[in-house]
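Please read it with the structure open.

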Amino acid sequence: MAKTRPEDLDWNNLGFKYHDLPFRWVDKFQDGKWQGGQLTSDSTITFNEAAEELHYGQEIFEGLKAYRRKDGGINLFRPDQNAKRMTKSAERLLMEPYPEDKFIEAVKQVVLANQEFVPPYGSGGTLYLRPFMMGTQSIVGVAPSETYEFRIYATPVGAYVKGLNPMPYVISDYDRAAPYGTGQAKTAGNYASSLMPSLLAKKAGFADALYLDPKEHKYIDEFGGANFFGITKDGQFQTPKSDSILPSITKHSILKIAADLGLDPIETKIPIDNIDQFAEAGAMGTAAVISPVGSLTYQDKKYSFGNEKEAGPITQKLYDTLTGIQFGDLEDKYNWTIKLS
Ligand SMILES: *Cc1c(COP(=O)(O)O)cnc(C)c1O
């Protein structure tokens, strides 16, 4: 595959797709230890046909972004939280955690090596980083791998959903994770099971599916790749409390921001039957940032938030505050950002 050059890119229309950049990180766990890791230009991975990850799905990943500041420097946003969550995902899938300090160091090296691909300030683009790890041992009987490969690739991306355009979503009849399954781990399998419900939602004219809790199908869980929030008619920020959702770093950051804005935020069970308590709703995640939900359809009944055409004032304020901190325009009182240059 041909490497992408900066001059090939239209910074204002990047979309959300893969570009083969000059550098990525690679490290291997073998003989009981991580080898140390290095940058490589090779974007191809080679392993045996019986490799664990190909058959038994021992794969976990992360997603974070690098942001171009107004002064031309580069920010990372809470990479320590991604490192921690990857350790948790590794533990759930019996994989060998990548040392968290090495994780952060590797993220920094990948960004600096590809820094001409961090989109300009004001374009809305960011450099998306995808750390991932897989079990590579050739294995037939089901057991955890004894060897692993850890990698981080980078690709420049535009806003996942352009601007703050509310989109219609539908409650899925399917589940993305089981009640005591791997919903809290960022693992490939959860995404594999979300592909069909997501396609069905899109075919029916929706932006994507929103899942209910897999045990009772009574409470809102999350989207395939983003957590849910609602703003009640009297201005409270609510987000689901559930054991089968992925603990979003964006969500945890927004909970703090919402408290600072006096929105009395809570994590609580949100019955789908009470959806009409909300004046605004949205999705939160690194890729989605904050994407307003214009309407939610459940059992052929459609519930609309506001006029469905523009984001509500609280959603807009949360978005402006979060992205203001990430791009270095607003005070970062929690020290969430790291200046790379
Ligand atoms: C990654 C992910 C999120 C968002 O998490 P962030 O840390 O905010 O990027 C939400 N839900 C699922 C299922 C995810 O995989």
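1. Start with the hairpin partner of strand 12. Strand 12 and strand 13 (residues 237–240) run antiparallel and are joined by two bridges. Gly230 has Gln238 as its bridge partner in strand 13. The two strands form a hairpin with four residues between them. In that turn, Gly235 has a positive phi of about 90°. Keep in mind throughout that this is a predicted model.

2. Strand 12 also pairs with strand 15 (residues 278–285). The sense is antiparallel, over six bridges. Phe228 finds its bridge partner in Ala283 of strand 15.

3. Is strand 12 buried or exposed? Six of the six residues of this strand (residues 227–232) are buried, so the rest of the structure largely encloses it. Both of its faces are covered. Asn227, Phe229 and Ile231 are buried on one side. Phe228, Gly230 and Thr232 are buried on the other.

4. Strand 15 leads on to strand 16. A hairpin with three residues joins the two. They pair in the antiparallel sense over four bridges. Here Met284 stands opposite Ile290 of strand 16.

5. Strand 16 (residues 289–298) is another enclosed element. Nine of its 10 residues are buried, so the rest of the structure largely encloses this strand. Strand 16 runs parallel to strand 9, with four bridges joining them. Val170 has Thr297 as its bridge partner in strand 16.

6. Strand 16 also pairs with strand 17 (residues 301–304), antiparallel and over four bridges. Tyr298 stands opposite Lys301 in strand 17. The hairpin of these strands has two residues between them. Within this hairpin, Gln299 takes a positive phi near 45°.

7. Now the charged pairs. The structure holds 13 salt bridges. One of them joins the side chains of Arg176 and Glu222, at 3.0 Å from N to O. What does this pair tie together? Arg176 lies in the loop between strand 9 (167–171) and helix 4 (188–203), and Glu222 lies in strand 11 (residues 220–223), so the pair ties together parts that are 46 residues apart in sequence. Arg176 is buried, with a relative accessible area of 7%. Glu222 is buried too, with a relative accessible area of 2%.

8. A salt bridge also links Glu308 and Lys302, with the closest N and O atoms 3.3 Å apart. The setting is not a buried one. Glu308 is partly exposed at a relative accessible area of 30%, while Lys302 is exposed at 54%. Elsewhere, salt bridges with shared partners join Lys3, Asp20 and Arg24 into one network.

9. Lys186 deserves a look. UniProt lists this residue, in an unreviewed entry, for "modified residue: N6-(pyridoxal phosphate)lysine". Lys186 sits in the loop between strand 9 and helix 4. Is Lys186 buried or exposed? At 12% relative accessibility, Lys186 counts as buried because the cut-off for buried is under 20%.

10. Which residues does Lys186 touch, beyond those up to four places away in sequence? Its contacts include the run of Glu59, Ile60, Phe61, Glu62 and Gly63. Arg85, Ser89, Tyr191 and Leu246 are also among them.

11. Leaving out residues up to four places away in sequence, Asn114 touches Leu21, Pro22, Phe23 and Ala154.

12. Last, the surface. Tyr56, Val140 and Val142 make a nonpolar surface patch of about 330 Å². Tyr56 is found in helix 1 (residues 52–56). At 37% relative accessibility, Tyr56 counts as partly exposed.

Methods. Residues are numbered from 1 along each chain as its sequence is written. This is a predicted model: local features need pLDDT of at least 70, side-chain atom pairs count only at pLDDT 80 or more; totals for chains, interfaces and linings use all residues. Side-chain values use heavy atoms; hydrogens and water are left out. A salt bridge is a side-chain nitrogen of Lys or Arg within 4 Å of a carboxyl oxygen of Asp or Glu. Buried means under 20% relative accessible area, exposed over 50%, partly exposed in between (1.4 Å probe, protein chains only). UniProt positions are given in the numbering used here, feature names are shortened, and annotations may be inferred rather than shown by experiment. Contact means heavy atoms within 4.5 Å. Patches are made of residues with over 30% relative accessible area and no salt bridge: like charges are joined within 9 Å, nonpolar side chains (Val, Leu, Ile, Met, Phe, Trp, Tyr) within 5 Å. Accessible areas come from the Shrake-Rupley method with a 1.4 Å probe; for residues, only the protein chains shown count as cover. Two strands pair if DSSP finds at least two bridges between them.
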